[in-house]
Every structure is written in C-alpha cells, then in structure tokens.
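Hello,

Here is the structure I promised to pass on. Please open it first, then read the notes below it.

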Amino acid sequence: MLSFLSFFFGLYQIGKWYISGRKVKKIEKEIKDVVKEEEKKEKEESSLVNPPSDKDSDYYYYITFPFLNVNFDELKKKNEDTVGFIKVNNTNINYPIVSSGDNSYYLNHAYDKSENQAGWVFLDYRNHLEQLSKNNIIYGHGRLDNTVFGTLKNALNKKWQQNKENHVIRLSTPSYNYLFQIFSIYSIKAESYYITTDFSSDQSFQEFINTLQARNESIIHTDVSVNDKIITLSTCKNNNDIRIVVHAKLIAMENR
C-alpha cells in the first residue's frame with residue numbers, strides 16, 4: 001500500500017511540475033508583444049557610465065547594444081508588482097521582474113499571482129531598480145524545463161561565453177533603460193555573502209568585488225571599481241543547494 005501511494009504521489013508531483021511550467025510558458029506568450037529592441041546606435045556621452053579612457057576597450061563595443069523598449073503600462077495592468085524587465089542573450093531569460101515585501105512570495109507564485117511552484121523572476125526586496133544599490137539581486141528558479149532562470153546555466157558554458165553578444169544584460173524599468181556588462185560567472189554552495197546589497201565603506205565594497213572576481217569561472221574578464229553598480233542573477237543548479245551566479249556592472253543608462 002505504501003509503495004502504491006508513493007507511486008501515485010510521485011505522479012501527482014510530476015504532473016504539478018509539468019502544469020506549472022506550462023502556465024509560465026502561457027504567460028510568456030501573453031507578454032511577448034510588450035517588449036521590442038531599439039535599433040543599435042551610438043550612445044550619447046551622458047548615457048555612459050564610468051567609461052574607460054582606453055578607446056580600444058570592449059566597453060565601447062558593448063555600449064552599442066540597443067536598449068529595450070518596454071510597455072510597462074501594459075505589464076502593470078497584468079501585475080502591479082512589476083518593477084522591471086530583463087533580457088539575457090541566448091537564454092530564455094526574457095521576463096518582467098516583480099517585487100514584493102519579501103523574498104518568498106514569488107518563489108511559488110506566477111506573474112498573475114496564481115500559486116505556481118515555478119514561481120517568477122523577482123527582485124530582492126531590499127533593492128529598488130529605480131535607485132540602484134551597490135549590488136542588486138534578481139532571483140529565479142533553475143527549472144529543468146528551461147522556464148524562469150532555467151537557462152542561466154548556459155552562462156557556465158565556454159561556447160556561450162565566447163560569443164561577445166552574450167556579455168551584455170539588458171534591463172529596463174518604468175523610468176530607465178540599463179545595459180550591464182558581465183564580469184563574473186560561477187557556481188557555489190548556497191550562501192548569503194554574494195547577495196549583500198549595501199556596504200559600510202568603499203574598502204568593504206572593493207573586498208566584495210575582489211571576491212566576486214576571484215570566483216569567476218568564465219573566460220570573461222572585466223574591470224570593476226567601487227564606483228560601479230552591480231546586478232547579480234542567482235538561481236539554483238539542478239534543484240539542489242548549489243547556486244549559479246552571474247554578476248554584471250552598469251555601463252550605460254538613459255531616461256525613458
């Protein structure tokens with residue numbers, strides 16, 4: 001009897017997991033038309049963030065990437081918790097970002113706020129994308145069906161890293177468009193250090209930056225300073241206590 005019940009409970013869990021993923025994909029299709037890419041064009045000097053003096057730096061290639069053009073009015077009709085939109089090239093990460101008063105609600109609620117074990121892409125409750133902290137954390141489940149942050153694992157692949165088109169993360173809010181340049185990719189046991197949001201001094205922030213760069217497992221190498229603002233993407237690896245982490249620094253922004 002126990003084996004029989006365990007079998008059907010397992011089938012129930014698999015079915016629930018499958019339905020959760022289908023629901024996320026359905027919502028993805030519903031919001032697809034609210035985001036467009038602007039044409040590539042030279043950024044105005046006022047849009048540049050901490051530009052290096054070396055004009056041969058890859059920075060000047062990355063800032064040519066187009067900003068996203070997002071209809072936040074339409075997104076907020078679907079969910080008033082919407083605070084941004086994120087796109088990572090050659091992944092399925094192309095999602096509105098939500099925020100609640102904690103870091104638990106959107107672990108098991110979809111974009112339409114229905115209960116869903118796939119959850120959604122959400123901002124750490126300590127952060128505000130309209131006023132960036134030193135470190136701004138965005139979470140999503142590492143789903144095996146590649147929904148939510150399931151394809152963030154692509155960033156660990158050397159072939160993915162060799163494509164410079166993948167080194168820029170685009171993020172938009174109702175007030176700003178941002179470009180971020182990746183500087184560190186790694187996997188690590190779950191911890192709270194890399195999700196530190198604010199720092200008591202430039203020295204403590206520099207130590208933090210040094211640690212993130214020392215952990216880098218990728219072929220990407222980017223200079224980062226205490227004057228930079230960082231976004232951190234975090235997901236679970238194979239549904240265990242290992243995290244896949246991607247850090248990127250702000251390189252360009254514009255008012256919307």
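**Pockets and salt bridges**

The lining of the second largest pocket splits into 6 nonpolar, 7 polar and 5 charged residues. Bear in mind that this is a predicted model. That pocket holds about 320 Å³ of space. Its lining counts 18 residues, and S57, Q181, H221, T222 and D223 are the ones nearest the centre.

Now the largest pocket. By class they are 9 nonpolar, 8 polar and 3 charged. Strand β9, residues 230-236, contributes the most to this lining, with 3 residues.

Next, the charged pairs. Side chains of opposite charge can pair when their charged atoms come close. The model has 8 salt bridges. Three of them follow.

- D81 pairs with K113, with 3.3 Å between the closest N and O atoms. This links distant parts of the chain, 32 residues apart: D81 is in the loop between α3 and β3, K113 in the loop between β4 and β5. D81 is buried at 18% relative accessibility, while K113 is partly exposed at 29%. E80 joins D81 and K113 in a network of salt bridges.
- E191 pairs with R215 at 2.9 Å between the closest N and O atoms. E191 sits in the loop between β8 and α5 and R215 in helix α5, so the bridge ties together parts 24 residues apart in sequence.
- D124 pairs with R126, the closest N and O atoms being 2.8 Å apart. D124 is buried at 0% relative accessibility, and R126 is partly exposed at 33%.

Best wishes

Key
Residues are numbered from 1 along each chain as its sequence is written. This is a predicted model: local features need pLDDT of at least 70, side-chain atom pairs count only at pLDDT 80 or more; totals for chains, interfaces and linings use all residues. Side-chain values use heavy atoms; hydrogens and water are left out. Helices (H or I, at least four residues) and strands (E, at least two) are DSSP runs, numbered from the N terminus. Ala, Val, Leu, Ile, Met, Phe, Trp, Tyr, Cys and Pro count as nonpolar, Asp, Glu, Lys and Arg as charged, and the others, Gly among them, as polar. On a 1 Å grid over the protein atoms alone, a cavity is a set of points where a 1.4 Å probe fits but cannot get out, and a pocket is an open set with protein on both sides within 12 Å along at least five of seven lines; lining residues have an atom within 4 Å of a point. Grid points are joined across faces, edges and corners, and a volume is the space filled by probe spheres set on the points. A salt bridge is a side-chain nitrogen of Lys or Arg within 4 Å of a carboxyl oxygen of Asp or Glu. Buried means under 20% relative accessible area, exposed over 50%, partly exposed in between (1.4 Å probe, protein chains only).
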